Amino acid sequence: MAAELSFEQAPPLSVPLRFFFTAPLFVLAAGLLLVLRGEAVFASRWTPEALAATHLLTAGTMLQIMLGALFQVLPVAAGANVVQPRLLAGLVHLALSAGGAALACAFLWSDALFFHLAAGLLGLAVAALVLGVSAGLWRTPALGATVWGLRGAMLALVVTVGLGAALALVRSGDLGGGWMALSTLHQAWGLGGWAGLLLVAVAWLVVPMFLLTPSYPLLFTRGLPAAIGAVLIIGSLVMATPAGWGGGWAERLLAIGLALAAAAFAWATLALQRRRRRKITDACFRFWRLAMLALMLVAGLLAASATGLAPDAGLGPQLGVLALAGVFLSVMLGMLYKIVPFILWLHLRRKVNRPPAMTRLITEERQLLHYRLHLANLLALLLATLWPPTAVAGGLLLAASGGLLLANLAGALRAYLAVEQAPAVALP
Amino acid sequence: MDRLTHFMQHHHGHCDEAFATAEADAHRGDWSACAASLARFRADLLGHLAVEEERIFPAFEASTGNTAGPTRVMRSEHEEMRELLGWLDEALAGRNAVAFADAAETLLILLQQHNMKEENILYPMCDRILGGDEVAFKQLMGEVEQALMEVAHG
């Protein structure tokens with residue numbers, strides 16, 4: 001078994017790239033929705049428009065980028081081979097893209113058929129993914145907190161999508177309205193479990209790697225994911241008791257538990273960043289720092305809402321903006337700008353003698369431009385949660401952000417193709 | 001049993017330190033300092049690669065009977081790193097800060113993803129597989145520690 005490990009299981013270029021190129025389209029769609037129906041999006045987290053925008057960013061953008069990265073990273077970082085990567089990625093990508101779009105349509109038009117379609121397609125995407133990667137992920141010879149974090153994240157994804165499918169059936173009228181209370185668990189398992197566990201599992205590797213910081217303390221890397229898992233499971237069990245159902249106890253427990261985990265992680269990461277060996281402050285560093293500052297605010301708002309210090313009204317949209325755009329979109333942008341040039345470079349290196357530097361595929365200036373645009377976007381969206389008429393500006397900036405991501409990725413691909421097709425030309 | 005993992009991981013950090021200094025020197029445009037720090041990084045990195053290729057990988061390959069697996073990929077990535085060291089030399093010779101930054105970023109990413117695979121997968125496998133023969137493992141570790149100590153002091 002051990003001797004069969006080859007490290008050479010990096011998938012074909014098209015496998016991760018199809019996810020990365022689709023994600024900005026969902027960002028564009030979310031931006032457009034904000035431009036057209038911004039006031040409704042920020043009126044409350046429960047308006048159809050708010051739910052559509054949220055799911056364009058989560059089931060659309062985040063899931064595309066995270067799954068694309070998993071296809072790339074699982075074999076090389078976790079030693080977990082993926083069964084038939086090209087076929088599996090094709091199926092997962094198709095179901096995910098169609099399912100994400102169907103879900104947004106379902107919310108906007110309150111259409112039962114679209115809810116059924118979305119639940120079926122997203123369920124299919126996740127089921128196919130889990131079947132394809134489980135064997136590798138459970139048998140890998142690799143050790144460490146990252147592998148456990150990835151396993152936990154996959155389990156949480158299954159729970160999230162299962163709960164989401166049940167909620168879709170409530171909206172389509174197949175299940176009674178009482179089941180809507182499951183949405184608390186859906187959010188906790190989705191953002192705290194799937195996205196949160198994935199974020200920390202990836203951070204254990206990439207924060208020391210790209211920013212040249214010391215490693216996270218070993219006990220912390222083991223304890224934090226375990227604590228997140230415990231909070232989610234206990235919160236869900238409390239919810240399942242007659243007293244917990246609708247009593248607000250599960251909500252409070254989940255909010256406080258996840259707020260503590262978020263604050264601890266953000267604090268630990270910012271502390272490591274201050275101790276970094278690398279003196280250069282690049283775009284990736286800025287994206288991560290912004291994400292961790294936003295995560296601190298998320299923790300504060302969550303705790304305030306749970307302890308009754310802040311009124312519930314208005315918290316939803318602010319939490320959503322901070323968590324989705326502030327934390328996850330920031331990290332994903334920073335990571336994409338490292339991962340995509342690296343993948344392209346690796347493939348080029350096999351074809352030409354001297355490929356251009358990774359930084360020539362997406363320049364630091366382009367990345368910094370996107371960082372500034374993203375920062376302006378985040379501030380505009382936060383402003384819109386306080387004063388909804390400004391949602392148009394937030395929407396335009398969000399759409400511009402999606403457009404710039406697409407342009408930067410396309411630019412990298414163009415540079416790749418130019419070198420690949422003209423191997424005799426030596427690029428600087 | 002993680003003696004090899006622990007030691008080699010520590011030395012990766014040592015190489016990172018030297019890399020960061022050279023990168024910062026070039027960023028500031030202090031080329032004479034950069035020449036010195038790059039020379040130190042080169043010695044550390046090449047010493048590290050040599051100890052793997054000459055001591056650790058052969059022991060792993062002999063134990064597992066696999067010369068076409070992970071060690072072959074690691075060796076080819078070592079080749080790419082040596083090439084990128086050449087890019088850094090060119091940039092230093094031309095006092096070209098942009099070219100240095102380009103080469104440094106490319107080498108850094110290559111180096112870090114390579115180290116990650118070694119630290120998470122290959123070294124722990126070596127500890128597990130080679131650690132079985134205590135006498136031979138002790139001798140191997142002695143040689144590895146000795147070789148890298150000489151680089152650090154030289």
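I take helix axes as lines fitted to C-alpha atoms over the stretch in contact, with angles running from 0 to 180 degrees between N-to-C directions. Helices here are DSSP runs of H or I of at least four residues, numbered from the N terminus.

The model is predicted, so I keep to local features with pLDDT of at least 70 and to side-chain atom pairs at pLDDT 80 or more, while totals for chains, interfaces and linings use all residues. Residues are numbered from 1 along each chain as its sequence is written, and chains are lettered from A and ligands numbered from 1 in the order in which they are written.

**Chain B, α2 and α3**

I looked up the axes of helix α2 (residues 31-64) of chain B and α3(B), which come within 11 Å and cross at roughly 165 degrees. α2(B) and α3(B) are therefore roughly antiparallel to each other, a label for angles over 145 degrees, as roughly parallel is for angles under 35. The crossing of α2(B) and α3(B) is left-handed, that is, the near helix is turned anticlockwise from the far one by less than a right angle. I listed the residues in contact (C-beta atoms, placed from the backbone, within 7 Å): α2(B) contributes B:W31, B:L38 and B:F57, among others, and α3(B) contributes residues including B:M74, B:H78 and B:L92. By class, this contact of α2(B) with α3(B) has 13 nonpolar, two polar and four charged residues, where Ala, Val, Leu, Ile, Met, Phe, Trp, Tyr, Cys and Pro count as nonpolar, Asp, Glu, Lys and Arg as charged, and the others, Gly among them, as polar.

**Where chain B touches chain A**

I then turned to the contact between the chains, which takes 27 residues from chain B and 29 residues from chain A. On the side of chain B that touches chain A, α1 (3-28), α3 (70-93) and α4 (97-130) of chain B each supply at least two residues, and α4(B) gives the most, with 14 residues. The residues of that side divide into 12 nonpolar, eight polar and seven charged.

**Helix pairs in chain A**

**A:P208 and the cores**

A:P208 lies in helix α6 of chain A and counts as buried, with 23 C-beta neighbours inside 10 Å; the cut-off for buried is 20 or more other C-beta atoms within 10 Å. A:P208 and A:R277 are 69 residues apart in sequence and 9.5 Å apart in space, C-alpha to C-alpha.

Last, I looked at nonpolar cores (sets of buried Ala, Val, Leu, Ile, Met, Phe, Trp, Tyr and Cys residues joined through C-beta atoms within 7 Å). Of the 177 residues in the largest nonpolar core, A:A30, A:A118, A:L122, A:L295, A:V298 and A:V340 touch the most other members. Helix α6 (residues 182-211) of chain A gives the most to this core, with 21 residues. Apart from it lies another core, of 18 residues, among them B:M8, B:F57, B:M74 and B:M125.

Conventions. Two residues are in contact if their C-beta atoms, placed from the backbone, lie within 7 Å. Angles under 35 degrees count as roughly parallel, over 145 as roughly antiparallel, 65 to 115 as roughly perpendicular and the rest as oblique. A residue is buried if 20 or more other C-beta atoms lie within 10 Å of its own, exposed if 12 or fewer, and partly exposed in between; C-beta atoms are placed from the backbone.
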